[in-house]
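Could you walk me through this structure in plain words? I would like to know where to look and what the terms mean.

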Amino acid sequence: MTGRCTTGTARAFDPAGRSLPDSAELSERYDPGRLRAELVRLAGRYGSPLSPATGRRVLPLISPGGDERRTDPGGPGLQDFLPTRWLARLPSVRGVLDRLPAPPRGVRLIALSPGARYTDLQSAKLGPPWGLCRLHLPVVGGPRARAVFPQGALTWTPGTVWFSAAWRAHALANDEEHEIVQLLVDVHHTAELAALFPRTLQRLFTGPGVLLHRPEVPLPPARLRAYRCRFPLPETFANWEQPGHRLPGTAGRTTVRAEVDVRAGTPRLVLADRPFCALQHLGAGEFRFRGWSDERTLQVVPGRDDRPHRVVLRAREGGNTYVVELPATSAE
């Protein structure tokens, strides 16, 4: 493959979301008694489906591929986020998700035993600067059940919905004498979701320091095949948890053989002959990783002969965009 890698940066501000608060209450309200009754009915019929852990129990409701063993936030992959069998048995929780104006990702119920500490919580890039957002809806709580951030502790009232800065180190603590339960909802960040934030924060959550979700633009299989190509991909681009600003400086160091192919009508990114993730088309030949946000995209750009000529990689952090251009050859 001939040609060379070129890099660039379009810089704005606030790549790590430092201007955003630890937490903010949304305008949505729900009946915690109704949600609690639903959990009691579920436990009465199926025992205690919340999976046991040290001081906590977790029940995945939406997870990668609908896997009931997955309690993590997830990331790029070959499968979509899908409901587990438990979500169908919780219609009130489904109603909560249906009312949120943002595509859901991982959703799970978390129960903390009396005296439990859920510590060392920090999800890389899970915040609006990277196109994602985490919400908490306490179902069972109390004044001594707290979310603890470096700047202080917060108490969330059952039935209210709260944004949390999940990319910062934080913890959940239960000093009540009873178990507490929260619904954790990870979504893609949208302008419609930001409209539910306090009026004083809405501009901050829709401004240039955040990344808003773009809908997928499906392509017919015949058109998808035109984007099949091969190129040398910097390993730092596939390592999606790494900060995006490292991409231009490391792009030419270590690369892996990469290919955009199409399998069963779905575009995929293949690295060293192994499928890495499916791709979602955003328009003009630009694709994001399935299971992830627009924080990381690749764009296949045709040449004069309308065949793939180069690939443009983009990593976004807040208002900053880091760009790498690579030579590509058609895989047709």
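Asp 273 sits in the loop between β16 and β17; strands such as these are DSSP runs of E with at least two residues, helices are runs of H or I with at least four, and both are numbered from the N terminus. Before going on, note that this is a predicted model, in which local features need pLDDT of at least 70 and side-chain atom pairs count only at pLDDT 80 or more, while totals for chains, interfaces and linings use all residues. Residues are numbered from 1 along each chain as its sequence is written, and side-chain values use heavy atoms, with hydrogens and water left out.

Back to the loop. Asp 273 has a positive phi of about 70 degrees although it is not a glycine. Ala 272 lies in the loop between β16 (266–271) and β17 (274–283), and its phi is also positive, near 50 degrees. Most residues other than glycine have a negative phi. How open are these two places? Asp 273 counts as exposed, at 63% relative accessibility, and Ala 272 is partly exposed, with a relative accessible area of 34%. Here buried means under 20% relative accessible area, exposed means over 50%, and partly exposed is in between, using a 1.4 Å probe and protein chains only.

Now follow the chain to another loop, the one between β18 (286–289) and β19 (296–302), where you will find Asp 294. Asp 294 counts as buried, at 2% relative accessibility. Which side chains does the side chain of Asp 294 contact? One is that of Arg 214, in a polar contact of 2.7 Å, and another is that of Arg 288, at 2.6 Å. A polar contact is a pair of N or O atoms within 3.5 Å; within protein, one must be able to donate a hydrogen and the other to accept it, and residues adjacent in sequence count only if both atoms are side-chain atoms.

The pair of Arg 288 and Asp 294 is also a salt bridge, at 2.6 Å from N to O, and both residues are buried. A salt bridge is a side-chain nitrogen of Lys or Arg within 4 Å of a carboxyl oxygen of Asp or Glu. Side chains of opposite charge can pair when their charged atoms come close. By this rule the structure has 23 salt bridges.

Two further examples show where such pairs can sit. Arg 69 and Asp 67 meet through their side chains at 3.1 Å, N to O; Arg 69 is exposed at 74% relative accessibility, and Asp 67 is partly exposed at 22%. Arg 296 forms a salt bridge with Glu 295, with the closest N and O atoms 3.0 Å apart. Arg 296 is buried, with a relative accessible area of 1%, and Glu 295 is buried as well, at 0%. Elsewhere, salt bridges that share partners join Arg 214, Glu 286, Arg 288, Asp 294, Arg 314 and Arg 316 into one network.

What about disulfides, meaning pairs of cysteine sulfur atoms within 2.5 Å? A search of the whole structure finds 0 of them. The sulfur of Cys 229 is too far for a bond, because the closest cysteine sulfur, in Cys 277, is 13 Å away. Cys 277 is likewise in no disulfide. Cys 229 is buried, at 0% relative accessibility, and Cys 277 is buried, also at 0%.

On a 1 Å grid over the protein atoms alone, a cavity is a set of points where a 1.4 Å probe fits but cannot get out, and lining residues have an atom within 4 Å of a point. Grid points are joined across faces, edges and corners, and a volume is the space filled by probe spheres set on the points. The count comes to 4 cavities of 30 Å³ or more.

The largest cavity has a volume of about 70 Å³, and its lining includes Pro 138, Arg 146, Trp 156 and Gln 182. The elements that give two or more residues to this lining are β8 (132–140), β9 (145–149) and β13 (180–188), and β9 gives the largest share, 3 residues. The second largest cavity has a volume of about 50 Å³, and among the residues lining it are Arg 223, Tyr 227, Asp 306 and Pro 308.

Definitions and conventions
On a 1 Å grid over the protein atoms alone, a cavity is a set of points where a 1.4 Å probe fits but cannot get out, and a pocket is an open set with protein on both sides within 12 Å along at least five of seven lines; lining residues have an atom within 4 Å of a point. A disulfide is a pair of cysteine sulfur atoms within 2.5 Å.
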